Amino acid sequence: MTKYMVDKFMRYVELSDARVADYVADPDAYVGAWLAGGGSAVGPTDDRELTEPERAAFAARDYESLYAFGAHPYLLWHFTEAVHAHEFGEGFGWRDLVERYRAAVAPQGVVDYIP
C-alpha cells in the first residue's frame, strides 16, 4: 500500500507553504520525521510506510523515480511545482520546470498509479 502513502505524503506537504519550506530545507529529515509520526500534529500516524527507494526519491526530490513508482500524476505535478517554485528566477521559471518534468517522466510512459 505504499503508493497510497506516496500520494498521501505529497498531498500533506503540498497543502501547506510552511510544510513545503520545511521539506525543501531538508527533505531527508522531513521524510524521516513524517514517517516517525513527528512531522504532523494531525491524523493518525501508525500507517506511514514507504519503501526505501520511495524514501530515497523523496529525499532527493526525484520526481522521475516517484512517477516510475506509480505516484499519482496529478498529485506529483502539484508536489513538484510546489517544491521547485523557490528555484524560479532569472533564467528558470515555471515553463522551464514543465519542460524539465516532461522530459524526465515521458520515457516512463503511462505507469500504473492505482494503489
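**Confidence.** I began with the confidence of this predicted model. By element, mean pLDDT is lowest in α1, at 91, and highest in α2, at 97. I then took the whole protein: the average pLDDT is 88, and 90% of the residues score at least 70.

**Overall build.** I looked up the secondary structure next. The protein has seven helices and zero strands. Read from the N terminus, the order is α-α-α-α-α-α-α. Along the principal axes, the C-alpha atoms fill a box of roughly 40 × 30 × 20 Å.

**Core.** Which residues have the most contacts inside the largest nonpolar core? I found Phe-9, Val-13, Tyr-23, Phe-58, Leu-76 and Phe-79, in a core of 30 residues. The elements giving two or more residues to this core are α1 (2-14), α2 (17-25), α3 (27-36), α4 (52-59), α5 (63-69), α6 (73-84) and α7 (94-105). α1 gives the most, with six residues. Beyond its neighbours within four places in sequence, Leu-76 is in contact with Met-10, Tyr-63, Leu-66, Tyr-67, Ala-71 and Tyr-101.

I stopped at Glu-54, in helix α4. Does Glu-54 count as buried or exposed? Glu-54 is buried, yet has no salt bridge. The nearest side chain of opposite charge is Lys-3, 8.2 Å away. Setting aside neighbours within four places in sequence, I listed the contacts of Glu-54 as Thr-2, Lys-3, Val-6, Leu-66 and Phe-69. I turned to Thr-2, which sits in helix α1. Thr-2 counts as buried because its relative accessibility is 16%, under the 20% cut-off. Not counting residues up to four places away in sequence, Thr-2 touches Glu-49, Leu-50, Thr-51 and Glu-54.

**Salt bridges.** How many salt bridges are there? I have six in the count. One of them joins the side chains of Arg-55 and Asp-28, at 3.9 Å from N to O. This pair links distant parts of the chain: Arg-55 is in helix α4 and Asp-28 in helix α3, 27 residues apart. Both ends are partly exposed, Arg-55 at 25% relative accessibility and Asp-28 at 40%.

I looked at Arg-100 and Glu-87 next, whose side chains meet at 3.2 Å, N to O. Arg-100 lies in helix α7 and Glu-87 in the loop between α6 and α7, so the bridge ties together parts 13 residues apart in sequence. Arg-100, Glu-87 and Arg-61 are linked in a network of salt bridges.

**Loops.** I went back to Arg-61, placed in the loop between α4 and α5. Its phi is near 50°, a positive value in a residue other than glycine. I noted this because most residues other than glycine have a negative phi.

My last stop was Ala-85, in the loop between α6 and α7. Ala-85 counts as partly exposed because its relative accessibility is 34%. From Ala-85 to Leu-97 is twelve residues in sequence and 8.7 Å in space, C-alpha to C-alpha.

Note on methods: Residues are numbered from 1 along each chain as its sequence is written. This is a predicted model: local features need pLDDT of at least 70, side-chain atom pairs count only at pLDDT 80 or more; totals for chains, interfaces and linings use all residues. Side-chain values use heavy atoms; hydrogens and water are left out. A nonpolar core is a set of buried Ala, Val, Leu, Ile, Met, Phe, Trp, Tyr and Cys residues joined through side-chain atoms within 4.5 Å. Buried means under 20% relative accessible area, exposed over 50%, partly exposed in between (1.4 Å probe, protein chains only). Helices (H or I, at least four residues) and strands (E, at least two) are DSSP runs, numbered from the N terminus. Contact means heavy atoms within 4.5 Å. Lys and Arg count as positive and Asp and Glu as negative; His and the chain ends are not counted. A salt bridge is a side-chain nitrogen of Lys or Arg within 4 Å of a carboxyl oxygen of Asp or Glu. pLDDT is the predictor's confidence in each residue, from 0 to 100.
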